[in-house]
Amino acid sequence: HRELLARLAFSTRRKILAIDYRLAPEHPFPAALEDATAAYRWLLAQGFKPAHVAIAGDSAGGGLALAALAALRDAGDPLPGHALCFSPWVDLSLSGASVQDNANADPILNAALLERFAGYYAGQQAINAPLISPLFADLRGLPPILVQVGGDEILLDDAVRLAEAVRNSGGTIQLNVFPGLFHVFQLIAFLPETTEALRQAAEFLQATAAVSESG
């Protein structure tokens with residue numbers, strides 16, 4: 001991920017703190033969530049203003065970013081100004097229709113692999129618990145969110161349903177679907193869609209930062 005992070009930092013003109021959070025199955029939920037929220041609180045302790053911070057993640061990290069936002073809100077912490085999610089996995093129960101509909105189109109993921117990973121991460125907890133599968137969390141009061149997803153992913157409906165849930169909760173979310181593309185395509189630097197995706201991310205952060213500062 002370092003190469004993607006470098007390109008994201010260059011595109012957005014932002015410093016990036018990359019978290020080497022604890023991984024399952026050795027460290028199941030809530031270890032990763034605890035690490036993510038601790039890292040955010042550390043940033044605030046260094047003097048960074050919440051409105052100037054974005055929480056970002058891809059795939060399972062995208063789900064973790066959403067769970068961290070919900071956990072921070074519930075704990076009464078000041079929330080970051082915005083969030084970026086690339087191909088977020090927000091429903092570990094795999095109930096989205098695209099899991100089956102895109103099964104033959106997705107070159108990266110398959111349901112059997114994700115079922116195993118979901119079990120590793122959840123441990124003894126319910127797969128659809130709100131902070132494990134944040135699609136089912138209370139999504140009210142979150143900062144603006146940008147979601148990018150490939151049109152051929154089995155996780156396409158995670159992104160689509162997340163956008164619907166956030167909007168139904170009164171939140172602001174921008175969903176950008178890239179037709180014909182695969183899971184976390186932003187990792188492939190030479191794709192023209194990757195250049196466009198990072199341009200969109202930079203534009204989103206600039207626009208939402210301006211709104212936050214003016215408000």
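Look at R73 and D74: their side chains meet in a salt bridge, 2.9 Å from N to O. By salt bridge I mean a side-chain nitrogen of Lys or Arg within 4 Å of a carboxyl oxygen of Asp or Glu. This is a predicted model, where local features need pLDDT of at least 70, side-chain atom pairs count only at pLDDT 80 or more, and totals for chains, interfaces and linings use all residues. Residues are numbered from 1 along each chain as its sequence is written, and side-chain values use heavy atoms, with hydrogens and water left out.

Back to the pair. Is R73 buried or exposed? R73 counts as buried, at 19% relative accessibility. D74 counts as exposed, at 58%. The cut-offs: buried is under 20% relative accessible area, exposed is over 50%, partly exposed is in between, with a 1.4 Å probe and protein chains only.

Next, R7 and E3. Their closest N and O atoms are 2.8 Å apart, in a salt bridge. Both sit in helix α1, residues 2–12, and they are 4 residues apart, about one turn of the helix. Helices here are DSSP runs of H or I, at least four residues, numbered from the N terminus. R7 is buried at 16%. E3 is partly exposed at 41%.

Now R22 and D35. This salt bridge is 2.9 Å, N to O. R22 lies in the loop between α1 and α2 (31–45), and D35 lies in helix α2, so the pair ties together parts 13 residues apart in sequence. R22 is partly exposed, at 33%. There is a network too: salt bridges link R22, E34 and D35.

How many salt bridges does the whole structure hold? The search finds 10.

Definitions and conventions. Helix = DSSP H or I, 4+ residues; strand = E, 2+ residues; numbered from the N terminus.
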